[in-house]
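Subject: Structure for your review

Dear colleague,

Please find the structure below, handed over for your own work.

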Amino acid sequence: MEKLEFVDRRNTNSSKWDGLNRQFGREGLHAMWVADMDFKVPQCVRKALADYVDLGAMGYMAVPESYYEAVINWEKMVHGYEIKRQWMRFSPGVVAAFHWAVRIFTEPGDAVIVNTPVYYPFFHAVTSNGRKLVKSDLVNENGHYSIDFEKFRSDIRANDVKLFILCSPHNPVGRVWTSHELRRLLNICRENGVMVVADEIHHDLIAPGNEFIPALQCGEPGEFDNMVIALSAPSKTFNLAAGQNSIVTIPDEKIRRKWDDFSSAISVNQGNPFGYIAAEAAYRGGRDWYDAIIHQIYHINFNYLRERLAKDLPGAAVSDLQGTYLAWIDMRGVMEPSSVKEAVLEKGKLAVDFGDWFGGEKYNGFVRMNLAAPLEYVKKGADALIASAE
Ligand SMILES: Cc1ncc(COP(=O)(O)O)c(C=O)c1O
C-alpha cells in the first residue's frame, strides 16, 4: 500500500479550511465539512502533472485514447464493470452534469424526484432551472436507511415526475444500494416513464463487505440502458476535485444524441489537460494509494469514530458507513435538535455539514462528518462532538 501523506490545507485557498468564515461566520473551526481529503493525491498523479508542467507546452489538447482506456480498465478491475468507449462523455464536474441533465431531459415546470436527505446541490439543479422539486424521504430505522418503495411510487404518480436523480452510494446516509433495491427503484421509474440520472461519484469508496452495483448493471444486460445515464469521476476517489473532470456514461444512442446536442449548443465538449492527466495517472497507477485510503477511512477512522462515540457520547446514533467517506450522525438523542448547530460550532469549534442542508428542518440534529483525513483529525472531530454536548 502506498503511504498516505497528510497535507495541511490551511492557507492554500481550500474551500474547506479557508472558506469557514464565508460559510459559518467564524474562523478557527476544525474543518470536517466539504467532501475532499486532507491527504496528498497519489505520487503518480503528482509526477504526471509535474512532467506536464515541465514540458511547458500548454496549447489546445487532443484528449488521448489512453485516458479512456485508463477509465475503462479501472472500472473493469475495481467493479467488474464494462464501459464502452463510445458511451463516455465529459462534464466539468458531476454537479454540472446533473444540472445539465435537468435541462436536457425535462421541460420547465416538470417534476424531478430525489431521496431525502440527500446531497443538497440536487435541489439547486432542480429549482434553479425552474423545475419542481419532489422530496421523497428515505426511511430511518435507528440510523439504518432504506427506501419506502410504495411511497416513492406514489410520490412519482402524484407529481407526474419526469426525472429521478439517484445518489448511489448515498450521500449523506452512507448506504450502498443493493442490486435488488436498485432494480425496484428503476422498475418503478420505468413503469412511470421516469428517466434516471445516477450520481455515482462515490462509487469507488465502498467499505469492505459491501458491493457497489452500477445502476446500469443492476438488471439484465442492457435492461435499463434506455432510461439511465450515470455520472462518475476520479475526484472523490483520488481527491481530484480541482481537476473538474468527470465522466458521463450514456449507453443509449438517442439519449446520447440529446446530450451531445446540448453540449454542442453550450460548446463544452472537453476539459482542461490538468484534469485528464491527473485522472489518467490516478486510474493507471493509483491502486496502491486507493487500497490505503480504503483502509484509512473504514478500518481506522470509521471504526474509531463509532467506538469512541458509543463510549463517550452514547446518545449519538452513527449510521453504518457502507460507502462514501461521510459519516452521518444523529445527535437528537444528545440534545434538542434545534440546538445542535450552535453547540457544535460554538462549544465544539467544529465545522461539519448540518442535517437541515440535506432536506430541511426535519433533519435538524444530524451532522455529516468527513472522515477522509488522518486519524488525529477524526479524534479531534470526536472530541469536538463530545464537547458540544457538555
Ligand atoms: C453525491 C455528490 N455528487 C457530486 C459531488 C461533487 O461533484 P463535482 O465536484 O464533480 O461537481 C459530490 C461532492 O461531495 C457529491 O457528494
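Pro172 is found in the loop between strand E7 (161–167) and helix H8 (179–191), where helices (H or I, at least four residues) and strands (E, at least two) are DSSP runs, numbered from the N terminus. The peptide bond that leads from Asn171 to Pro172 is cis, with omega near 20 degrees. A cis peptide bond also joins Thr116 to Pro117, with omega near 0 degrees. Pro117 sits in the loop between strand E3 (111–116) and helix H6 (121–127).

As to provenance, this is a predicted model, in which local features need pLDDT of at least 70, side-chain atom pairs count only at pLDDT 80 or more, and totals for chains, interfaces and linings use all residues. Residues are numbered from 1 along each chain as its sequence is written, and side-chain values use heavy atoms, with hydrogens and water left out.

Two residues other than glycine have a positive phi here. Asn239, in the loop between helix H9 (235–238) and strand E10 (246–249), has phi near 60 degrees. Gln244 lies in the loop between H9 and E10 as well, and its phi is about 45 degrees. Gln244 is partly exposed, at 46%.

Ser232

Ser232 belongs to strand E9 (residues 228–232). Its relative accessible area is 9%, so Ser232 is buried. With neighbours within four places in sequence left aside, Ser232 is in contact with Val94, Glu200, Ile201, His203, Ser246 and Ile247, contact meaning heavy atoms within 4.5 Å.

An open sheet of four strands has the order E11-E12-E15-E14, with antiparallel pairing. Strand E11 (317–318) and strand E14 (353–354) are at the edges with a single partner strand each, so one side of each has no neighbour in the sheet. Two strands pair if DSSP finds at least two bridges between them. Strand E12 (residues 326–330) and strand E15 (residues 366–370) pair in the antiparallel sense over five bridges. Leu326 has Asn370 of E15 as its bridge partner. Helix H12 lies across E11, E12 and E15 and runs at about 10 degrees to E12.

Packing of H12 with H14

Helix H12 (residues 287–312) packs with helix H14 (residues 375–388) at an angle of about 20 degrees, their axes being 10 Å apart. Axes are lines fitted to C-alpha atoms, for helices over the stretch in contact, and angles run from 0 to 180 degrees between N-to-C directions. H12 and H14 are therefore roughly parallel to each other; angles under 35 degrees count as roughly parallel, over 145 as roughly antiparallel, 65 to 115 as roughly perpendicular and the rest as oblique. The contact involves Gln296, Ile300, Asn301, Tyr304, Leu305, Arg308, Leu309 and Asp312 of H12, together with Leu375, Val378, Lys379, Ala382, Asp383, Leu385 and Ile386 of H14. By class, there are nine nonpolar, two polar and four charged residues in the contact of H12 with H14 (Ala, Val, Leu, Ile, Met, Phe, Trp, Tyr, Cys and Pro count as nonpolar, Asp, Glu, Lys and Arg as charged, and the others, Gly among them, as polar).

Asn301, in helix H12, counts as buried at 0% relative accessibility. Beyond its neighbours within four places in sequence, the contacts of Asn301 include Leu371, Ala373, Pro374, Leu375 and Val378.

Met331 is found in the loop between E12 and helix H13 (340–346), and is buried, with a relative accessible area of 0%. Leaving aside neighbours within four places in sequence, Met331 is in contact with Leu313, Ala316, Val340, Gly365, Val367, Leu385 and Ser388. The C-alpha atoms of Met331 and Ala282, 49 residues apart along the chain, are separated by 37 Å.

Packing of H3 with H11

Helix H3 (residues 43–55) and helix H11 (residues 273–285) pack at an angle of about 145 degrees, with axes 8 Å apart. Cys44, Val45, Ala48, Leu49, Tyr52 and Val53 of H3 make the contact with Pro273, Phe274, Ile277, Ala278, Ala281, Ala282 and Gly285 of H11. The residues of this contact of H3 with H11 divide into 12 nonpolar, one polar and no charged.

Yours sincerely

Conventions:
Buried means under 20% relative accessible area, exposed over 50%, partly exposed in between (1.4 Å probe, protein chains only).
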